[in-house]
Amino acid sequence: MQFDITDDATDPAIARIGDELTAFNQADVGPSDRRTLAVLLRDGDTVTAGLSGYTAWGWLYIQRLWIDEAHRGQGIAGQLLAAAEAEAITRGCHGAYIDTFNPVALRTYRKAGYAVFGALEDFPRGRTRSFLMKALP
């Protein structure tokens, strides 16, 4: 046997790892009911802000939240979060989580009711990556 190191995410072995872990987890704790979730703010055909993530096992995971620079500071992040949380609740979710190393985003998430439950110092160097969660009604 040998260890191979690769940066090729299209390698079929990478897909196998995901498939096998999914099968293991499903047998262990049941199906995740994983579904993609996105909230997009459009100006005509142009996306000016958005949030993307997924719901699984009763949780909303927000992977990305972006707002065009011209639209920042207008409360759009809170509106995106609220819309995603509302959809997550209709999907049966009881919690949401997100992470960031941006101090402005951290304040925004806290303002929206998220609480820090963990942190990694120097991730990236000079910053703290904070992990936040929020209980959903």
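**Rings, charges and strands in a predicted model**

Me: How many aromatic pairs does the count come to?
Reply: This is a predicted model, in which local features need pLDDT of at least 70 and side-chain atom pairs count only at pLDDT 80 or more, while totals for chains, interfaces and linings use all residues. Residues are numbered from 1 along each chain as its sequence is written, and side-chain values use heavy atoms, with hydrogens and water left out. Rings of Phe, Tyr and Trp (its six-membered ring) pair if their centres lie within 6.5 Å; planes under 30 degrees apart count as stacked, over 60 as edge-to-face and the rest as tilted. By this rule the number of aromatic pairs is five.

Me: Why is the pair of Tyr 54 and Tyr 61 given its class, and what is that class?
Reply: The ring centres of Tyr 54 and Tyr 61 are 5.6 Å apart. Their planes stand at 70°, so the class of the pair is edge-to-face.

Me: Is Tyr 61 buried or exposed?
Reply: Buried means under 20% relative accessible area, exposed over 50%, and partly exposed in between (1.4 Å probe, protein chains only). The relative accessibility of Tyr 61 is 17%, so Tyr 61 counts as buried.

Me: How many residues apart in sequence are the parts that Tyr 61 and Tyr 97 tie together?
Reply: Tyr 61 and Tyr 97 form a stacked aromatic pair, with 4.6 Å from centre to centre and 25° between the planes. Helices (H or I, at least four residues) and strands (E, at least two) are DSSP runs, numbered from the N terminus. Tyr 61 lies in strand S3 (residues 59-67) and Tyr 97 in strand S4 (residues 95-100), so the separation of the parts is 36 residues.

Me: Which charged end sits over the ring of Tyr 54?
Reply: Tyr 54 is in one aromatic cluster with Trp 59, Tyr 61 and Tyr 97. A charge sits over a ring if NZ of Lys or CZ of Arg is within 6 Å of the ring centre and within 35 degrees of the ring normal. At 3.6 Å from the centre of the Tyr 54 ring, the charged end is that of Arg 34.

Me: In S6, what is the bridge partner of Leu 120?
Reply: Two strands pair if DSSP finds at least two bridges between them. Strand S5 (residues 115-121) and strand S6 (residues 128-135) pair in the antiparallel sense over six bridges. They form a hairpin with six residues between them, and Asp 122 in the turn has a positive phi of about 55°. The S6 partner of Leu 120 is Arg 129.

Me: In which strand does Asp 99 lie?
Reply: A salt bridge is a side-chain nitrogen of Lys or Arg within 4 Å of a carboxyl oxygen of Asp or Glu. Arg 129 and Asp 99 meet in a salt bridge at 2.7 Å, N to O. The pair ties together parts 30 residues apart in sequence, because Arg 129 lies in strand S6 and Asp 99 in strand S4.

Me: In which helix do Glu 20 and Arg 16 lie?
Reply: The whole structure holds four salt bridges. One of them joins the side chains of Glu 20 and Arg 16 (3.6 Å, N to O). The two are four residues apart, about one turn of the helix, and that helix (residues 12-29) is H1.
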